[in-house]
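Hi,

Here is the structure I promised to pass on to you.

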Amino acid sequence: MCRMNSAEISLSADEARRLALRAQGLLGAPDRRAGVRGMLRQLGAVQLDTISVLARSHELVPYARLGAVGRQAVESAYWSDGHSFEYWSHAACILPVEEWPHFAFRRRERRARGHRWHVLEDKDRACALVRDRLKADGPLTTTELGGGKNGGEWFDWSETKIAVEWLLDTGEVVCTERRGWKRVYDLAERAIPDDLLHDDIDDHECVRRLVAQAGAAMGVATRADLADYHRLKGEQVEAVLPGTGLVPVSVEGWGKPAWADPAALASAPRGRHRTTLLSPFDSLVWDRPRTQRMFDFTHRLEAYVPKPKRIHGYFAMPLLAGGKLLGRVDPGRENSALVARQVSLAGRKAVAPMAKALWEAASWVGCDEVRVGRCDDAELREALVKALTEGPSGPAG
């Protein structure tokens with residue numbers, strides 16, 4: 001699969017891309033027995049976000065890899081039986097509970113800083129009240145603790161909200177699930193298994209484990225890629241790289257040194273490529289420079305861009321097919337129809353995969369019709385409409 005160049009392993013751009021796709025669970029047969037929990041352990045982090053179009057992002061991630069997993073089954077797999085927790089990784093992420101010790105360095109960092117965004121006049125009193133309530137009545141949401149806002153803007157947090165988020169940052173409290181999109185808080189000593197509830201791993205070892213995990217989850221990565229996965233600093237990655245077991249490689253066209261997971265290099269990636277729509281927050285594409293380098297695809301979330309300035313739409317989802325990103329669609333729902341409000345396609349080769357991906361997504365969310373709005377190419381729009389008329393069993397291309 002790879003070539004030896006002096007003492008260094010050399011990968012073609014295509015080989016690197018296939019390694020990354022397999023590492024991300026998007027090449028080869030999905031492991032349905034391991035399911036959502038196995039996927040979470042493989043990725044190491046699944047990003048959360050408030051936006052819900054077809055579904056929320058953390059639901060779209062397993063859908064992309066495993067197919068039409070029921071949405072309630074996804075939630076149950078993430079949150080039941082103490083399998084995971086929410087914390088700050090790439091962003092706010094669902095993390096396997098086994099990673100709790102690895103974030104001790106971040107909890108210590110927050111504790112040393114003394115506050116995050118808000119400063120309380122009597123932090124000790126507010127935190128003690130939260131601890132007492134959780135001990136007596138937890139797990140609880142912010143509303144159940146007494147309310148999250150003072151009545152002003154969204155960032156006008158109540159003392160209770162500031163205190164519970166501080167305790168979350170520093171590890172006394174853990175988010176055990178999301179209920180109605182609200183965080184559910186519990187005492188870490190009750191929610192985290194005893195064998196994991198410790199902060200005795202030093203900062204170097206925490207970062208080393210996270211970089212090794214990121215390398216395995218990406219297959220092959222630059223130093224910047226490794227740092228971005230769990231939002232580490234470049235110098236932190238540099239300090240631990242020799243101890244991660246990751247192997248130095250060169251990748252055609254990358255221009256920067258890279259490292260690969262030795263397990264990924266042990267065998268050539270084989271199997272069927274998944275044809276699917278990806279969440280903009282999917283870990284395959286959440287790092288924009290890496291996405292550009294690996295797929296020659298410019299990816300940008302435009303949900304927070306003023307509507308007149310949007311190019312691809314509010315929640316444009318990249319189309320993955322044949323191991324490449326071949327277009328994108330901004331989806332929406334109108335009654336029982338999935339509406340492709342805005343579509344862009346990388347030529348005729350993308351038409352059949354887009355039709356297949358749209359029908360699969362429609363079926364997953366309970367829609368029985370797919371309609372096409374705007375497309376950046378009139379001829380391709382006509383071809384897509386025609387392909388969609390063949391229904392869910394039409395050709396995949």
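The second largest pocket holds about 370 Å³ of space (a pocket is an open set of points on a 1 Å grid over the protein atoms alone, with protein on both sides within 12 Å along at least five of seven lines; lining residues have an atom within 4 Å of a point). For volumes, grid points are joined across faces, edges and corners, and the space filled by probe spheres set on the points is taken. Of the 22 residues that line this pocket, Arg272, His273, Arg274, Thr275 and Lys356 are the closest to its centre. Helix 3 (57–66) and helix 15 each give at least two residues to the lining (helices are DSSP runs of H or I with at least four residues, strands are runs of E with at least two, and both are numbered from the N terminus). By class, this lining has 9 nonpolar, 7 polar and 6 charged residues (Ala, Val, Leu, Ile, Met, Phe, Trp, Tyr, Cys and Pro count as nonpolar, Asp, Glu, Lys and Arg as charged, and the others, Gly among them, as polar).

Before going on: this is a predicted model, where local features need pLDDT of at least 70 and side-chain atom pairs count only at pLDDT 80 or more, while totals for chains, interfaces and linings use all residues. Residues are numbered from 1 along each chain as its sequence is written, and side-chain values use heavy atoms, with hydrogens and water left out.

The largest pocket has about 750 Å³ of space. It is lined by 24 residues, and Thr50, Trp88, Arg178, Trp181 and Arg183 are the closest to its centre. Strand 8 brings the largest share of that lining, 3 residues. The lining divides into 10 nonpolar, 6 polar and 8 charged residues.

There is also 1 cavity of 30 Å³ or more in the whole structure (a cavity is a set of points where a 1.4 Å probe fits but cannot get out).

Best wishes
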